[in-house]
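Biologist: I'd like to learn how to read a contact between two chains. Could you walk me through one?

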Number of protein chains: 2
Amino acid sequence: MIGVVAGVGPFAGLDLLNKIATQTAARSDQDHLAVVSISRPSPIPDRTAFLMGVTSLNPAAPILEQLRMLQQLGASLAGIPCNTAHAPPIMDVIREELDTSGRPLKLLHMIREAGKFMQHYYPSVQRVGLLSTLGTSFSRVYPLFLEPLGFEVIEPAGRESKELVHRAIYDQDYGIKARGYATERTREDLLRIIDDLRAAGAQAVILGCTELPLAFPENEVNGLPLVDSTMALARALIDAVDPLKLRPWPAQPSG
Amino acid sequence: MIGVVAGVGPFAGLDLLNKIATQTAARSDQDHLAVVSISRPSPIPDRTAFLMGVTSLNPAAPILEQLRMLQQLGASLAGIPCNTAHAPPIMDVIREELDTSGRPLKLLHMIREAGKFMQHYYPSVQRVGLLSTLGTSFSRVYPLFLEPLGFEVIEPAGRESKELVHRAIYDQDYGIKARGYATERTREDLLRIIDDLRAAGAQAVILGCTELPLAFPENEVNGLPLVDSTMALARALIDAVDPLKLRPWPAQPSG
């Protein structure tokens with residue numbers, strides 16, 4: 001059974017669950033994979049707030065508790081649809097605890113899966129732009145996992161651009177987390193940054209925060225591939241439990 | 001914590017989870033309600049197949065097992081996003097077991113909630129059309145719960161029309177369960193039946209199978225209100241755990 005820590009954030013969790021269902025080859029209810037999910041966001045402190053030192057409460061502990069609950073229900077494999085939670089100060093604590101205690105739970109690593117997805121489906125891409133939260137950017141988790149795979153990671157230039165992306169996700173009025181969808185303004189702000197990344201040499205852009213695919217369901221913008229980290233994780237989870245049920249990935253421009 | 005038996009079927013489960021999230025007043029991840037869901041469809045036999053005597057395996061047992069798993073994780077309230085599972089031969093077994101054993105779990109009744117939703121938001125409607133699976137129709141669960149509330153239930157005339165609706169849901173090629181969305185053909189078939197129900201005097205039409213709102217996200221068709229049983233259940237679940245977080249329902253035509 002696949003386990004999902006679905007509350008980081010709730011709409012990103014739903015997006016992952018939806019991608020698991022749509023990427024599974026199934027003709028009836030009974031063909032679908034078994035998935036258990038917990039969306040219990042209130043005890044999990046904001047990941048960026050922890051990484052930036054705004055709070056000293058590490059989200060690792062409540063995330064770990066929810067992974068244990070999923071395991072208790074029979075999950076043997078799990079995913080956490082939050083890029084920022086994969087930053088080493090959070091993820092290292094989670095993995096260490098998982099490794100040293102109790103029954104084994106295989107936790108897929110979203111950033112690594114995004115890298116493998118690009119290697120597989122965009123073999124000619126070498127320089128990738130990154131849209132992310134400030135926490136993901138600050139932690140350098142994408143360069144850490146992607147550079148060993150041969151990718152160069154390009155980020156929006158300057159604090160202001162990075163904050164624009166962060167607000168598109170977090171703003172309590174117009175942000176994706178508050179609305180559950182992307183407003184016109186949010187999409188326009190993000191499209192501007194995507195254009196900047198293209199101008200800076202990016203051959204593809206990673207939607208490196210799980211709220212961002214809600215703004216960009218499409219696979220490309222004016223020919224520039226968008227790499228959906230949630231899609232990469234969804235497909236990796238299916239592949240790990242039942243590769244025969246993984247739907248073929250649509251033909252993609254290879255950047 | 002809200003518990004959801006999300007595998008009946010998987011896309012209907014996702015629709016309920018999505019409606020719980022979008023109908024909750026929240027400005028950040030942490031504002032959202034705690035929801036645990038299990039989508040484990042393979043051990044649950046098809047509900048219509050049981051009601052029509054095609055199989056003698058009552059889906060009540062595996063549904064009950066999954067309710068117990070949700071409870072084990074801390075759910076005190078649960079919903080089952082499948083109208084057909086509320087037919088008495090299935091639901092009576094579930095409720096009896098829940099009542100007589102173990103800790104209490106409050107299970108909301110989707111059909112009753114759909115009736116209360118109509119009373120509240122469509123006070124002038126008296127005759128309601130019903131789109132459903134053959135199992136829901138055969139079991140007469142809608143008349144059973146809605147007539148005491150003062151509604152008259154009008155069904156598609158004749159076996160052929162009912163089978164058209166059933167296939168729109170179940171067909172393993174073009175049906176909503178197989179696709180995870182409604183094809184043009186499915187929508188056209190269903191629109192034709194909706195027109196028939198209107199001609200037969202329906203003042204509103206109940207989407208009485210949880211796959212149907214995937215075909216009709218809109219609240220009305222040419223002025224005829226569509227009553228979404230999944231929406232009714234989602235709002236009832238939120239109202240039961242934290243009424244202050246229930247978003248106002250948009251102004252509705254009252255039929």
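Predicted model: local features only at pLDDT ≥ 70, side-chain atom pairs only at ≥ 80, totals over all residues.

Biologist: Which elements give two or more residues to the side of chain A that touches chain B?

Modeller: Four of them do: helix H1 (10-22), strand E2 (35-39), helix H3 (60-72) and helix H9 (176-179) of chain A. H1(A) gives the largest share, seven residues.

Biologist: And how do the residues on that side of chain A divide into nonpolar, polar and charged?

Modeller: On the side of chain A that touches chain B, you'll find 19 nonpolar residues, 12 polar ones and nine charged ones.

Biologist: Charged residues make me think of salt bridges. How many are there between chain A and chain B?

Modeller: The count is four.

Biologist: Now for the extent of the contact. How many residues does it take from each chain, and what area is buried?

Modeller: Chain A gives 40 residues and chain B gives 40 residues. Together the two chains bury about 3100 Å², with 55% of that on carbon and sulfur atoms. Of the area that chain A buries against chain B, 21% comes from Arg27(A), Asp29(A) and Leu73(A), more than from any other three residues.

Biologist: What about the strands? How do I read their pairing?

Modeller: The general idea is that strands of a sheet pair through backbone hydrogen bonds, either parallel or antiparallel. Here E2(A) and strand E2 (residues 35-39) of chain B run antiparallel and are joined by five bridges. Look at the partners: Val35(A) is bridged with Ser39(B), while Val36(A) stands opposite Ile38(B).

Biologist: In what order do the strands of the sheet come, and which are at the edge?

Modeller: Eight strands make an open sheet with mixed pairing, and the order is E4(A)-E3(A)-E1(A)-E2(A)-E2(B)-E1(B)-E3(B)-E4(B). The edge strands are strand E4 (106-107) of chain A and strand E4 (106-107) of chain B, each pairing on one side only.

Biologist: Which strands does helix H11 of chain A lie across?

Modeller: Helix H11 (residues 229-241) of chain A lies across strand E1 (2-5) and strand E3 (77-79) of chain A, and runs at about 175° to E3(A).

Methods: Residues numbered from 1 in each chain as written. Chains lettered and ligands numbered in written order. Heavy atoms only, no water. Contact = heavy atoms within 4.5 Å. Buried area = accessible area lost by both parts, 1.4 Å probe. Salt bridge = Lys/Arg side-chain N within 4 Å of Asp/Glu carboxyl O. Helix = DSSP H or I, 4+ residues; strand = E, 2+ residues; numbered from the N terminus. Nonpolar A, V, L, I, M, F, W, Y, C, P; charged D, E, K, R; others polar. Pairing = 2+ DSSP bridges. Axes fitted to C-alpha atoms, helices over the stretch in contact; angles between N-to-C directions.
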